[in-house]
Amino acid sequence: VRLQMLDLEMSSLDIKNKGVLNLGVEMPIFDEFLRIVYDCDVVSLDDFPSDQNTSFPGAADRYVYGDARMLPFKDEAFDVIISHAAVPHIFVQPREEGESDIDLLKEDYDISIIVDEVLMALEESYRCLKPGGQIRFSALSRNIELDEVDIHKPGLSKEIRSKIINKKVDILEKGIQFFEHKNHCLVLYKSTTSGVLIIKKPGN
């Protein structure tokens, strides 16, 4: 949980007593932490049904199945929208049989579709964000992605996994560039060393 706060470069001042939407929640442990410690009103959204998602007491009432590219919420519904190691990963899905993350490293791999999907997720998140609110996306996870042993990608070396992660961060940054051209807002984002995106919506 502490690492997720670091990955998102988020402090208690950013989150305390706020309405929060978390995109791409595999297990709502972090969301429960935000509710208990920082008294947040958190909605967890994921596009893959799992019993683990709603295993916490009362979690089913705060868990929504949905698509980050077409959020089922009204305009200006949340103070903070976060995504930890989910965007753009949730859009990097095999498009053909036998395809995998490592195909991202091919010179002829077309990432334009994924960039478009990231842009859609950013647009939807911005729509659902209250004036003065923040979007915080972290493309990296310090406690999983760069481990020497990764149960999700056991056949890949740390060097190859690092290149894949950097490619995903590059996809996120390209989506951000398109977003900046379409919206008048303050966008703060870091290089591939951290993979953190922060968007602040003008307002209160």
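I listed the buried residues of helix 3 and got Phe30, Asp31, Glu32, Leu34, Arg35 and Tyr38. Buried means under 20% relative accessible area, exposed over 50%, and partly exposed in between, with a 1.4 Å probe and protein chains only. Helices (H or I, at least four residues) and strands (E, at least two) are DSSP runs, numbered from the N terminus.

I note that this is a predicted model: local features need pLDDT of at least 70, side-chain atom pairs count only at pLDDT 80 or more, and totals for chains, interfaces and linings use all residues. Residues are numbered from 1 along each chain as its sequence is written, and side-chain values use heavy atoms, with hydrogens and water left out.

I then checked what the buried residues of helix 3 pack against: helix 1, helix 2 (12-15), strand 1, strand 2 and strand 4.

**Arg35**

I looked at Arg35, which sits in helix 3 (residues 29-38). Arg35 has a relative accessible area of 13%, so I count this residue as buried. What does the side chain of Arg35 reach at 2.8 Å? I found the backbone oxygen of Val42 there. Leaving out residues up to four places away in sequence, Arg35 touches Cys40, Val42, Val43, Ser44 and Arg62; contact means heavy atoms within 4.5 Å.

Arg35 also forms a salt bridge with Glu32 (2.4 Å, N to O). A salt bridge is a side-chain nitrogen of Lys or Arg within 4 Å of a carboxyl oxygen of Asp or Glu. Glu32 and Arg35 are about one helical turn apart because three residues separate them in helix 3. Both partners are buried.

**Other salt bridges**

I searched the whole structure and got nine salt bridges. Glu117 pairs with Arg69, with the closest N and O atoms 2.8 Å apart. This pair links distant parts of the chain, as Glu117 is in helix 4 and Arg69 in the loop between strand 3 and strand 4, 48 residues apart. Glu117 is buried at a relative accessible area of 16%, whereas Arg69 is partly exposed at 27%.

Lys130 forms a salt bridge with Asp79, the closest N and O atoms being 3.8 Å apart. Lys130 is in strand 5 and Asp79 in strand 4, so the pair ties together parts 51 residues apart in sequence. Through salt bridges that share partners, Asp67, Arg69 and Glu117 form one network.

I located Asp67 in the loop between strand 3 (63-65) and strand 4 (78-84).

**Cores**

Which residues have the most contacts inside the largest nonpolar core? They are Leu21 and Ile81, in a core of 35 residues. A nonpolar core is a set of buried Ala, Val, Leu, Ile, Met, Phe, Trp, Tyr and Cys residues joined through side-chain atoms within 4.5 Å. Among the elements that give two or more residues to this core are strand 1 (19-23), helix 4 (112-127) and helix 5 (158-182). I also found a second, separate core of 12 residues, including Leu8, Val20, Phe30 and Tyr38.

**Whole chain**

I counted five helices and seven strands in the protein chain. Of its 204 residues, 47% are buried.

Conventions: Polar contact = N/O pair within 3.5 Å; in protein donor to acceptor, adjacent residues only side chain to side chain.
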